[in-house]
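Good morning, and thank you for coming.

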Amino acid sequence: MQDGTDRKPKPAETRKSKTRAWWVKSGYNPKQLEREKAERAAETPEEREARLRYHREYYYSHRDRISAQQRANWKKRDRAAQVYRSLTPEQIEERRQKARIYIAKRREELNAAQRERHARKAAAMTPA
């Protein structure tokens, strides 16, 4: 809830927000992806090698940050699966379900280990 002391958005922020909303709602985004795919299909082997070399160098120098971002953001993860692996929405949903099951099992293991640590700590603190 605003109390009157909140900072009002600057005109540039409002304009950027409207542009971002338009971009998401418009059909331009998928058209750009189609165009990029067509460009990649039309490039020569030398151009492809140069592009991949650049991306490899960039990825290896920033791979920790990139992988952390991808793991943390489920929207980016799903988008990457759609764009780079050409997965269908059904396949993405199937992967999400598998991830949920894995996370639930992992959470149970972590919680059990944490309870065990707390029990050991409590046992060590009680006078024997």
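Buried residues, meaning those under 20% relative accessible area with a 1.4 Å probe and protein chains only, make up 7% of the 128 residues in the chain. Please bear in mind that this is a predicted model, in which local features need pLDDT of at least 70, side-chain atom pairs count only at pLDDT 80 or more, and totals for chains, interfaces and linings use all residues. Residues are numbered from 1 along each chain as its sequence is written, and side-chain values use heavy atoms, with hydrogens and water left out.

The chain has five helices and zero strands, where helices are DSSP runs of H or I with at least four residues, strands are E runs of at least two, and numbering starts at the N terminus. The radius of gyration, taken over C-alpha atoms, is compared with a globule rule of 2.2 Å times the number of residues to the power 0.38. For this chain of five helices and zero strands, the radius is 24 Å, well over the 14 Å that the rule gives for 128 residues, so the chain is more spread out than a compact globule. Along the principal axes, the C-alpha atoms fill a box of roughly 75 × 55 × 35 Å.

Let me turn to the pockets. A pocket here is an open set of points on a 1 Å grid over the protein atoms alone, where a 1.4 Å probe fits, with protein on both sides within 12 Å along at least five of seven lines; lining residues have an atom within 4 Å of a point.

How much space lies in the largest pocket? The volume is about 1,300 Å³. Of the 31 residues that line the largest pocket, Gln-70, Lys-76, Ala-80, Ala-81 and Tyr-84 are the closest to its centre. Helix 4 gives the most to this lining, with nine residues.

The second largest pocket holds about 230 Å³ of space. Among the residues lining this second pocket are Val-24, Pro-30, Leu-33 and Arg-79. Its largest share, five residues, comes from helix 2.

Phi of Ser-86 is near 55°, a positive value in a residue other than glycine. Is Ser-86 buried or exposed? At 52% relative accessibility, Ser-86 counts as exposed, the cut-off being over 50%.

How values were computed: Points joined across faces, edges and corners; volume = space filled by probe spheres on them.
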